[in-house]
Amino acid sequence: ARSGTVLSQDHADELRFPASLTKMMTLYMLFEAMRDRRVSLDQLVPVSPWAASMSPTKLGLTPGSAITVEQAILGLVTKSANDAATAMRERAARSISPNLF
């Protein structure tokens with residue numbers, strides 16, 4: 001690890017998508033924020049161009065649109081939607097550091 005030398009690789013440059021565990025942790029953090037009343041189900045979550053570009057599983061959100069927290073939760077739970085997960089993570093990052101975006 002210290003040398004940075006790659007000992008073995010298999011398709012190292014292939015595109016990889018967020019795993020379900022990543023989305024479960026996003027939901028976990030979201031439910032904590034709801035418990036602490038930092039987020040509500042009807043709160044709008046803006047969709048950035050980056051979030052809208054996520055593949056392969058997605059809701060088909062468009063840049064500049066918005067979904068509610070409840071819709072994002074349903075998209076994550078039922079479709080494992082990467083675009084909804086990314087929009088939620090961006091929203092969470094803004095609540096932690098408002099000047100981030």
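The model is predicted, so local features need pLDDT of at least 70 and side-chain atom pairs count only at pLDDT 80 or more, while totals for chains, interfaces and linings use all residues. Residues are numbered from 1 along each chain as its sequence is written, and side-chain values use heavy atoms, with hydrogens and water left out.

A residue is called buried when its relative accessible area is under 20%, exposed when it is over 50%, and partly exposed in between, with a 1.4 Å probe and protein chains only. Of the 101 residues of the protein chain, 30% count as buried.

We can begin with helix α1, which covers residues 20-35 and contains methionine 24.

Two packed helices are described by the angle between their axes and the distance between the axes. The axes of α1 and helix α3 (residues 69-79) come within 10 Å and cross at roughly 150°, which makes α1 roughly antiparallel to α3. Here the axes are lines fitted to C-alpha atoms, for helices over the stretch in contact, and angles run from 0 to 180 degrees between N-to-C directions; angles over 145 degrees count as roughly antiparallel, under 35 as roughly parallel, 65 to 115 as roughly perpendicular, and the rest as oblique. Leucine 76 lies in helix α3 and is buried, with a relative accessible area of 5%. Although leucine 76 and leucine 27 are 49 residues apart in sequence, their C-alpha atoms are 7.9 Å apart in space.

Side chains of opposite charge can pair when their charged atoms come close. A search of the whole structure finds two salt bridges, each being a side-chain nitrogen of Lys or Arg within 4 Å of a carboxyl oxygen of Asp or Glu. Arginine 35 pairs with aspartate 36 at 3.0 Å from N to O, and aspartate 36 also pairs with arginine 38, with the closest N and O atoms 3.5 Å apart, so that Arg35, Asp36 and Arg38 are linked in a network. Arginine 35 is exposed at 58% relative accessible area, whereas aspartate 36, at 38%, and arginine 38, at 48%, are partly exposed.

Finally, consider the backbone. Most residues other than glycine have a negative phi, and most peptide bonds are trans. Arginine 37, in the loop between α1 and β1 (44-46), has a positive phi of about 60° although it is not a glycine, and it is exposed at 76% relative accessibility. Serine 80, in the loop between α3 and α4 (82-96), also has a positive phi, of about 55°. A cis peptide bond, with omega about -10°, joins serine 55 and proline 56, and proline 56 is placed in the loop between α2 (49-52) and β2 (66-68).

Technical notes
Helix = DSSP H or I, 4+ residues; strand = E, 2+ residues; numbered from the N terminus.
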